[in-house]
Amino acid sequence: MENDTIVAIATPPGKSAIGIVRVSGTRAFEIVQKHIKKPLKVRYATHADFQINGKVLDDVIVIPYKIPKTYTGEDMVEIFFHGNWIILSSALKSLIDSGARMAENGEFTKRAFLNGKMDLTQAEAVEEIVDSISLSGIESARKVIDGNLSREISHIREELLKISSEIEVRIDYPEEFENEENYDFDLNTIIQNLERMLLTYEPARAAIEGIKVALFGSVNVGKSSILNALVGFERAIVTPIPGTTRDIIESETFINNIKVKIIDTAGIRNTENEIEKIGIERALAAVKNADIKVYVMDATCEEDGDLAMESDIKVLNKIDLVDKNVKGAIKVSAKTGYGIDTLKAEIERMTRNTIEKLNSSQSILIAHRQYSIVKNSIQELKEAVEAKSFGYPIDVVAVNIRNTIAQLDLLTGRVYVDDLLDKIFSNFCVGK
Ligand SMILES: Nc1nc2c(ncn2[C@@H]2O[C@H](COP(=O)(O)OP(=O)(O)OP(=O)(O)O)[C@@H](O)[C@H]2O)c(=O)[nH]1
Ligand SMILES: [Mg+2]
């Protein structure tokens, strides 16, 4: 039931200095007081014994929070135990015995959303702030939690609503406007703002998940050897047999404090081998999906150059065997380590470029759901602009504008269906 009082351990399993149990719901105070005999004061930390059936489990710090100023928008209590998982699970069980229910994944944040403490974009950012593996990812999620995206979206929504109601009046009372000039309105500025938002999505994902660097090229050029050189251990199998790597191989490493996922792929060539064919398909998909595409060439072989077109960095490997120059390519030897630092520096430079795009943006899209809704909105608005320029009746334009408003309402969660909420919050951890 939605208004049950819920409980969860909010800190990760294992040993820690402190472990936190959270309780939220109308009965939160009452249930906790069954275990804490001291009187508690709202927003004050009280040092007390946590008891189960009259026996002290642990001495704890308890902080009660009273509506409306709480995370979930319900009465809440946070209890700070010693960080032993046995203590925490016993406390959890006893609170459930006393009437609370185990929280589902993300249920605290879901309640915060349902109680109007945050909109859906902000709720999504809560997950990302926990998951993010880089400071810029955290900063991006922070901007969303602070409401930058919500504010800009609601501003755009207001403008569209204004335009839409002007149009509706003209549709409903055409006689009143007969002698007026055609109603003029500007959708292009809105489109531009939404397009600017759209550009933040990829760098934001890169900052949250880590930058994906894909190595690709023909067979046997030394892609797997370069992966191994970059991550510093023998992650991938290397042999002189062309077509050694079949599947995608991922390995994470830090390049100057930035987490990158290096992705090694099957060498691309024409082949009749079923397994290799699948490998090549996967390789092409991984390259398409990567933030930085590194094209690897073999200095001892002739290049056809076709593939290099879509790369961000070109690498000329096996330079220990023959000295050669290819315009724009970094010379390396995976065997001797020559040039690997230069390659790392180049990856780092590109990574910084990606991430710096985020620093100058306020409204950042951090989830694919947000990205596709903004994309749909742009599409609707472009259709409106086109309809207007073709001189279509004003009610055609009105439909596109109304659709855009509906899209934006899905984005912020002004309108939602339960399935969507389940999908979003099931990815959260319990206790968030
Ligand atoms: N001399 C020399 N040999 C290298 C270098 N890099 C790789 N090799 C050799 O080239 C062969 C192929 O290397 P891999 O790393 O397996 O090449 P690959 O591009 O991953 O090959 P596939 O997975 O088959 O596409 C192996 O015998 C490596 O030892 C290098 O810098 N110098
Ligand atoms: Mg390989």
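Start with helix H9, where Lys 223, Ser 224, Ser 225, Ile 226, Leu 227, Asn 228, Ala 229 and Leu 230 are buried. Bear in mind that this is a predicted model. Helix H9 spans residues 223–231, and because 8 of its 9 residues are buried, the rest of the structure largely encloses it.

What does the covering of the buried residues of H9 include? You will find strands S7 (211–217), S8 (249–255), S9 (258–264), S10 and S11 (313–317) there, along with helix H11 (340–359). Just after H9, look for Gly 232, which takes a positive phi of about 85 degrees.

Now pick up one of those covering strands, S10, which runs over residues 292–298 and includes Ile 292. Ile 292 counts as buried because 22 other C-beta atoms lie within 10 Å, the cut-off being 20 or more. Leaving out residues up to four places away in sequence, Ile 292 touches Ile 211, Val 213, Asp 312, Ile 313, Ile 347 and Met 350.

Our last stop is Leu 411, placed in helix H13 (residues 394–412). Is Leu 411 buried or exposed? It is buried, since 26 other C-beta atoms lie within 10 Å. Setting aside neighbours within four places in sequence, Leu 411 is in contact with Thr 121, Ile 153, Gln 370 and Ile 373. Of these, Ile 373 is 38 residues from Leu 411 in sequence, and their C-alpha atoms are 6.5 Å apart in space.

Terms used: Residues are numbered from 1 along each chain as its sequence is written. Chains are lettered from A and ligands numbered from 1 in the order in which they are written. This is a predicted model: local features need pLDDT of at least 70, side-chain atom pairs count only at pLDDT 80 or more; totals for chains, interfaces and linings use all residues. Helices (H or I, at least four residues) and strands (E, at least two) are DSSP runs, numbered from the N terminus. A residue is buried if 20 or more other C-beta atoms lie within 10 Å of its own, exposed if 12 or fewer, and partly exposed in between; C-beta atoms are placed from the backbone. Two residues are in contact if their C-beta atoms, placed from the backbone, lie within 7 Å.
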